[in-house]
Amino acid sequence: MSGHFIVFEGIDGSGKSTQAQLLADALEARGLAVFRTREPTADSPAGKQLREIARHGREGVSLEQEIELYFDDRVWHIEKEVAPALHRGDVVVCDRYWYSTAAYQGALGANTSKLAAQSRARFPDPHVVVYLRVPPEKAFERISQNRAQLEKGYEKLDFLKKVFERYESLVEHSWLVIDGRRGQKEIAADIAAAIFKKLSEKDQDLS
Ligand code: ADP
Ligand code: TYD
């Protein structure tokens, strides 16, 4: 596959959607074809079920069933959308990937390391993981100021702290770890510089 697969990870309110969009804009401004996407998807049967669960709560759905839905959605997403985009040569910019399952469903009680091992065996490695590191208290403040979703159990501070710990346990040497406490523009400039460097290294490897 000739494209480049970039995923954004971090707790709710860490700035993933904001930064994924700013990176996509910067790549497009340089004339690159970008496929901007996210998980859970809105289009697969499993993705639709996950959105229902997000709206109405997870009563009656076991953690194992929820994990299976995320996995099924991911299989669909890779096969139907990500792989074709990479074959076209696009830069794929994806908001969340399997690390989210390892961190979130891990925080809900599943075994994070086991989920990571299963995912590594089952899903293609991204070229870059951009991890926005923001303390849970700060991310929670952002969400509370800006969203009407405060009531969602998910986004309560205690839960975010658990998710944050899981992410920290997943960090690998290869990740692009970004201090997400700073202003949006400063963060975006750092990410764009690192990604353009990686893309030019890849071009040199190919020439
Ligand atoms: P995520 O996708 O990780 O949940 P968002 O990009 O949706 O995060 O950002 C969450 C909220 O924080 C939004 O209201 C957004 O405008 C705001 N935000 C994003 N980045 C920053 C930043 N660097 N500093 C302050 N607020 C930010
Ligand atoms: P997202 O759409 O990124 O939420 P938001 O725009 O509110 O930040 O993700 C929705 C929720 O789904 C988020 O709280 C994290 C959760 N999630 C998991 O629990 N496991 C997963 O594997 C994924 C991809 C998301």
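A polar contact is taken here as a pair of N or O atoms within 3.5 Å, where, within protein, one must be able to donate a hydrogen and the other to accept it, and residues adjacent in sequence count only if both atoms are side-chain atoms. The structure is a predicted model, in which local features need pLDDT of at least 70 and side-chain atom pairs count only at pLDDT 80 or more, while totals for chains, interfaces and linings use all residues. Residues are numbered from 1 along each chain as its sequence is written, chains are lettered from A and ligands numbered from 1 in the order in which they are written, and side-chain values use heavy atoms, with hydrogens and water left out.

Ligand 1 is considered to begin with. In the side chain of threonine 18, an N or O atom lies 2.5 Å from an oxygen atom of ligand 1, and the side chain of lysine 16 likewise places an N or O atom 2.6 Å from an oxygen atom of the ligand. Arginine 182 takes part through its backbone, an N or O atom of which is 2.8 Å from a nitrogen atom of ligand 1. Taken alone, ligand 1 exposes 560 Å², of which the protein buries 78%; these accessible areas come from the Shrake-Rupley method with a 1.4 Å probe, and for residues only the protein chains shown count as cover. The shell around the ligand holds 15 residues, of which Gly13, Lys16, Ser17, Thr18 and Arg182 come nearest, a residue being near if one of its heavy atoms lies within 4 Å. Helices (H or I, at least four residues) and strands (E, at least two) are DSSP runs, numbered from the N terminus. At least two residues of the shell are supplied by each of α1 (16-29), α6 (136-146) and α8 (184-206), and the largest share, three residues, comes from α1. By class, two residues of the shell are nonpolar, eight are polar and five are charged, where Ala, Val, Leu, Ile, Met, Phe, Trp, Tyr, Cys and Pro count as nonpolar, Asp, Glu, Lys and Arg as charged, and the others, Gly among them, as polar.

The aromatic residues were examined next. Rings of Phe, Tyr and Trp (its six-membered ring) pair if their centres lie within 6.5 Å, and planes under 30 degrees apart count as stacked, over 60 as edge-to-face and the rest as tilted. A search of the whole structure on this basis finds 10 aromatic pairs. In one of them, the ring centres of phenylalanine 71 and phenylalanine 123 are 5.5 Å apart and the planes stand at 90°, so the pair is edge-to-face. This pair links distant parts of the chain, with phenylalanine 71 in helix α3 (residues 63-88) and phenylalanine 123, 52 residues apart from it, in the loop between α5 (112-122) and β4 (128-133). Phenylalanine 71 counts as buried at 3% relative accessibility, as does phenylalanine 123 at 4%; buried means under 20% relative accessible area, exposed over 50% and partly exposed in between (1.4 Å probe, protein chains only). Tyrosine 131 and tryptophan 175 form another edge-to-face pair, at 5.6 Å centre to centre and with 65° between the planes. Tyrosine 131 lies in strand β4 and tryptophan 175 in the loop between α7 (157-170) and β5 (176-179), so this pair ties together parts that are 44 residues apart in sequence. Both tyrosine 131 and tryptophan 175 are buried. One aromatic cluster includes Phe71, Phe123, Tyr131 and Trp175 among its members.

Charged side chains also meet aromatic rings, a charge sitting over a ring if NZ of Lys or CZ of Arg is within 6 Å of the ring centre and within 35 degrees of the ring normal. The charged end of arginine 74 sits over the ring of phenylalanine 123, 5.7 Å from its centre, and arginine 30 lies over the face of phenylalanine 196, 3.7 Å from the ring centre.

Alanine 102 lies in helix α4 (residues 98-107) and is buried, with a relative accessible area of 0%. Its backbone oxygen is reached at 3.0 Å by the side chain of threonine 112, a residue of helix α5 that counts as buried at 10% relative accessibility. Most residues other than glycine have a negative phi, and most peptide bonds are trans. Arginine 96, in the loop between β3 (91-95) and α4, has a positive phi of about 80° although it is not a glycine. The peptide bond from glutamate 39 to proline 40 is cis, with omega near -5°, and proline 40 is found in the loop between β2 (34-38) and α2 (45-56).
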